[in-house]
Amino acid sequence: MEMIRVENVNLKIEKNTILNNVTMQVNKGEIVALIGRNGSGKTMLMKCICGFVKTTSGSIFVNEKKVGKEIDFPEKMGVIIETPGFISQYSGMKNLWLLAKLNSTLTKNEIASTMELVGLNPKLKRHVGKYSLGMRQRLGIAQAIMENPDILILDEPMNGLDYQGVEDVRKLLLNLKEQGKTILIASHNTEDIAVLCDHVWKMKSGEIKQIE
């Protein structure tokens, strides 16, 4: 079953072609990689899939619903795109609790369990502004998965993580795949791709092709 389907998508911003006739798909329970140099279009494609950026033409379906037509933002989707943004003077736990109160019924115990899952101490009082880059990335992953989404869109999720952090997140993503989650990941790390991914799509100058 296709969870994400991108059909002939074009995106132009002013006179610049950002995405050029992009067609690709991600099936349920797969981990699929987007690779390519910075500026190749990976992040912008992810933003279009999430409904953050409106395409110039073409269609995107998430869980069989057309983005921008039947839904503005796909449901049951966890996202990390670019550096996760948090309120720097609050702890990690308080940040996630405030976000959860916006649109979910998560308990503090459930949030604490998610933080522990990504290797963070929910009782740590340190403000997020004093977190290392790796800790912020772990918190971003916790935010993406805490509401038990069916689909994860992860742009460079290993960014800033040390060796142990990378190992922890790889194990987490493989566990989520076993649970039937669908994961689209952008990465520059060939080892991440070899360990995690079922299929690989390469982007160059806004165009895409499947290479594995």
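Okay, let's start with Ser 40, which is buried at a relative accessible area of 5% (buried is under 20%, exposed is over 50%, partly exposed is in between, with a 1.4 Å probe and protein chains only). Before going on: this is a predicted model, where local features need pLDDT of at least 70, side-chain atom pairs count only at pLDDT 80 or more, and totals for chains, interfaces and linings use all residues. Residues are numbered from 1 along each chain as its sequence is written, and side-chain values use heavy atoms, with hydrogens and water left out.

So where does Ser 40 sit? You'll find Ser 40 in the loop between strand 3 (31–35) and helix 1 (42–50); helices (H or I, at least four residues) and strands (E, at least two) are DSSP runs, numbered from the N terminus. A polar atom of the Ser 40 side chain is 2.8 Å from the backbone oxygen of Arg 37. If you leave aside neighbours within four places in sequence, Ser 40 is in contact (heavy atoms within 4.5 Å) with Met 203, Lys 204, Ser 205 and Gly 206.

Now, helix packing. Helix 4 (residues 133–145) and helix 5 (residues 163–178) pack at about 10°, axes 12 Å apart. The axes are lines fitted to C-alpha atoms, for helices over the stretch in contact, and angles run from 0 to 180 degrees between N-to-C directions. That makes helix 4 and helix 5 roughly parallel (under 35 degrees; over 145 is roughly antiparallel, 65 to 115 roughly perpendicular, the rest oblique).

Most residues other than glycine have a negative phi. Asn 63, though not a glycine, has a positive phi of about 55°; Asn 63 is in the loop between strand 4 (57–62) and strand 5 (65–66), partly exposed at 36%. Asn 148 has a positive phi of about 55° too, in the loop between helix 4 and strand 7 (151–155), and is partly exposed at 42%.

Technical notes
Polar contact = N/O pair within 3.5 Å; in protein donor to acceptor, adjacent residues only side chain to side chain.
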